[in-house]
Amino acid sequence: MITENTGRRKRGRPPGPTAQGAAARDKLYATALQLIAERGFEATTLRDIATKAGVSAGLLYRYFPSKEAIVIALYDELSLEYERRTTDLPPGKWRDRFIAALTASLDVLQPHQPALRALTPVLVGDPAEGIFSSAIAFSRIRVQQVFERAVSGATDAPRGPLAPALGRLLYLVHLAVLLWWLLDKSVNRRATRALVGLTRDLLPSAALALRIPPVRRFILSVDELVREALLGNPVSA
């Protein structure tokens, strides 16, 4: 059982970056995700987590003063890992780079699917803690920038502001696929693989459509609305 070492440390202050402290934090984090996956976010309490991990409530509060802190830690971990895995996207057209980025996202999230599925109501429906909340903007920006880079660094990248706008639109497409993946009950997620395949097949037509001026204007207009309504980034008139 992990015991609390009070010493002369101020109450509520996290212990230093020692090996023992890191081990305690990792155990609490893993226990929290396990209980959230089993019981759901609302039904899991901090006291439940401390009891399951075999630590005092005081030690838990040092690392995770709230359940929301656990969710933010999960966002941080997953977005950092995703950023690392997509540092070098394969060269080529933006549609191929998008599929590579989308596939990498699914791969990173796969080990955490039970916890993420239990968190779906929070991720989608809670404006304060969900994927578009200001509290996790740091994580959202990391992932969003991967999709912007997938377009802007492509051999057929659109010119001007259309490239980042298209990247942000593809980020939203990626979120829609992730929601499908979280809700997918098919054997071995066959339906998700099929959806990714259908998306891949549709993208060449989308690339051709970008040559049409009304389509380009539409994407830029939708991007303005998305930034204002979902990303908290108002666009000046």
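The model is predicted, local features requiring pLDDT of at least 70 and side-chain atom pairs pLDDT 80 or more, whereas totals for chains, interfaces and linings use all residues. Residues are numbered from 1 along each chain, and side-chain values use heavy atoms, without hydrogens and water. V124 belongs to helix 7 (residues 120–125), helices being DSSP runs of H or I with at least four residues. V124 is exposed, at 55% relative accessible area (buried, under 20%; exposed, over 50%; partly exposed, in between).

The axes of helix 8 (residues 137–152) and helix 9 (residues 162–183) come within 7 Å and cross at roughly 125 degrees.

Eight salt bridges are found in the whole structure (a side-chain nitrogen of Lys or Arg within 4 Å of a carboxyl oxygen of Asp or Glu). One of them pairs D48 with R39, with closest N and O atoms 3.1 Å apart; D48 is partly exposed at 24% relative accessibility, as is R39 at 45%.

R168 forms a salt bridge with E148 at 3.3 Å between the closest N and O atoms. E148 lies in helix 8 and R168 in helix 9, so the pair connects parts 20 residues apart in sequence. Both E148 and R168 are buried. R168 also pairs with D223, at 2.7 Å; D223 lies in helix 11 (residues 213–229), 55 residues from R168. Through shared partners, salt bridges join E148, R168, D223 and R227 into one network.

Note on methods: Helix = DSSP H or I, 4+ residues; strand = E, 2+ residues; numbered from the N terminus. Buried < 20%, exposed > 50% of the residue type's maximum accessible area, 1.4 Å probe, protein only. Axes fitted to C-alpha atoms, helices over the stretch in contact; angles between N-to-C directions.
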